[in-house]
Structure formats: C-alpha cells, structure tokens
Amino acid sequence: MIKLKKYNDTYNSALMAFHLNNEDGKYTALPSDALDLALKNPDRTAIVILKDETPTGFFVLHQGQEIREYITPKNTLLIRALSINTKYHRQGIGFQAMTQLDQFVQIHFPSIKRLALAVNMKNEKAIRLYLKAGYTEDHRRMGLKGEQMVMIKEIE
C-alpha cells in the first residue's frame, strides 16, 4: 500500500541511501539535495512516498512567489524533484503517489486548487506517467537541462 507523508527525521537514513539510475539522474534531484533546500525554505514541503511503511519515493511541494517562473502562484503547488528509488521501479509507485496527491493536498493545503510540475521534454517516461495521472500541458519553457513542459492538474 502506498502512502504520502510529510517528511520527518525518521525517514532521513532511507532517503540519504536513495539511488537513482543514470537516466533518472539526468532529470531529477536526489532526495538528499532536494531535502536540504526544502528544510531551509518554509514555502517548500518535503513529502515521502511510503510503500508498506518503507520510504520508496520523494518529492517537494513548493508554493509562493518563487514558483512564478513556472506558473501563476495563486492557489497553486509546484511539484519538484519527484523520484522513486531505483530498486522500487516498475511497481506503479509513482503513478499511485500522483493519484493520491489530490486528496493529500486537500487535507494538508486546503486553499490549493491546482497542482503544477515541469518535466523535461526528453523524459518521455515521466510525461506518460503525468498524462496518465490526469495532468495536461499548460505551456513550455526553457529549463537548465533543455525544454520543459509545464503540466497542470486542477484539484476537484
């Protein structure tokens, strides 16, 4: 069973031992890097993806004016640095996490009405995942590693 939980120190050792394969490492940050930024910024919330209470994935929810380079920040959360530990790939964890995120956000961020993310255009696997989870293309922009598709999903 997959669950989303706000980060706390009990997950730290598992997140620091996270491994990404070379392909995934091109497009996302390791939890150790993204966590450091999240813990220093009150507009960022670190989220751990648990499978049967084991940390298997990670991402950050970012709100506030800093996200305006991607999307209009009003009532919006930007999903950043989504990663699934390589040893847990091909188990549907990323898709399950993305489909549970709406309800998680409604509980923990009740004023949020829209989710957004930016994905590198070469990361076809991630684009397919987000489309399957109900995200749609909003616009494109240039990122540090090439063209990105900014995708959005309205929260019911």
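Helices (H or I, at least four residues) and strands (E, at least two) are DSSP runs, numbered from the N terminus. Because this is a predicted model, local features need pLDDT of at least 70 and side-chain atom pairs count only at pLDDT 80 or more, while totals for chains, interfaces and linings use all residues. Residues are numbered from 1 along each chain as its sequence is written, and side-chain values use heavy atoms, with hydrogens and water left out.

**Around His-62**

- His-62 counts as buried, at 1% relative accessibility; buried means under 20% relative accessible area, exposed over 50% and partly exposed in between (1.4 Å probe, protein chains only).
- The side chain of His-62 has a polar contact of 2.9 Å with that of Glu-66, and another of 3.0 Å with the side chain of Arg-80.
- A polar contact is a pair of N or O atoms within 3.5 Å; within protein, one must be able to donate a hydrogen and the other to accept it, and residues adjacent in sequence count only if both atoms are side-chain atoms.
- Leaving aside neighbours within four places in sequence, His-62 is in contact (heavy atoms within 4.5 Å) with Asn-41, Asp-43, Arg-44, Ile-67, Thr-76, Leu-77, Leu-78 and Arg-80.

**The sheet**

- Seven strands make up an open sheet with mixed pairing, in the order β1-β2-β3-β4-β5-β7-β6; two strands pair if DSSP finds at least two bridges between them.
- β1 and β6 (136-143) stand at the edges with a single partner strand each, so one side of each has no neighbour in the sheet.
- On average, neighbouring strands of this sheet are turned by 30° against each other, direction ignored.
- Axes here are lines fitted to C-alpha atoms, for helices over the stretch in contact, and angles run from 0 to 180 degrees between N-to-C directions.
- β4 and β5 pair in the parallel sense over four bridges, and Leu-78 has Ala-116 in β5 as its bridge partner.
- β5 and β7 run antiparallel and are joined by seven bridges, with Leu-115 opposite Lys-153 in β7.
- β6 and β7 also run antiparallel, joined by seven bridges, and a hairpin links β6 to β7 through two residues.
- Facing β7, Thr-136 stands opposite Ile-152 and Glu-137 stands opposite Met-151.

- β7 is largely enclosed by the rest of the structure, because seven of its nine residues are buried.
- Gln-148 has its place in strand β7 and is buried, with a relative accessible area of 15%.
- The side chains of Gln-148 and Arg-141 make a polar contact (2.4 Å).
- Not counting residues up to four places away in sequence, Gln-148 touches several residues, among them Tyr-70, Ala-118, Asn-120, His-139 and Arg-141.

**Nonpolar cores**

- A nonpolar core is a set of buried Ala, Val, Leu, Ile, Met, Phe, Trp, Tyr and Cys residues joined through side-chain atoms within 4.5 Å.
- The largest nonpolar core has 30 residues, of which Phe-59, Leu-61, Leu-101 and Tyr-135 touch the most other members.
- Elements that each supply at least two residues of this core include β1 (2-6), β3 (54-62), α4 (93-108), β5 (114-120) and β7 (146-154).
- α4 gives the largest share of this core, six residues.
- Apart from it lies another core of 13 residues, among them Tyr-11, Leu-20, Ala-34 and Val-60.
- Beyond its neighbours within four places in sequence, the contacts of Phe-59 include Leu-4, Ile-47, Ile-79, Leu-82, Met-98 and Leu-101.

- α5 lies across β4, β5 and β7, and runs at about 160° to β5.
- Leu-129 has its place in helix α5 and touches Leu-82, Gly-94 and Phe-95, not counting residues up to four places away in sequence.
- Leu-129 and Met-98 are 31 residues apart in sequence and 8.7 Å apart in space, C-alpha to C-alpha.
- The structure holds one aromatic pair: Tyr-130 and Tyr-135 are edge-to-face, 6.1 Å centre to centre, with 70° between the planes.
- Rings of Phe, Tyr and Trp (its six-membered ring) pair if their centres lie within 6.5 Å; planes under 30 degrees apart count as stacked, over 60 as edge-to-face and the rest as tilted.
- Tyr-130 counts as buried at 9% relative accessibility, and Tyr-135 counts as buried at 1%.
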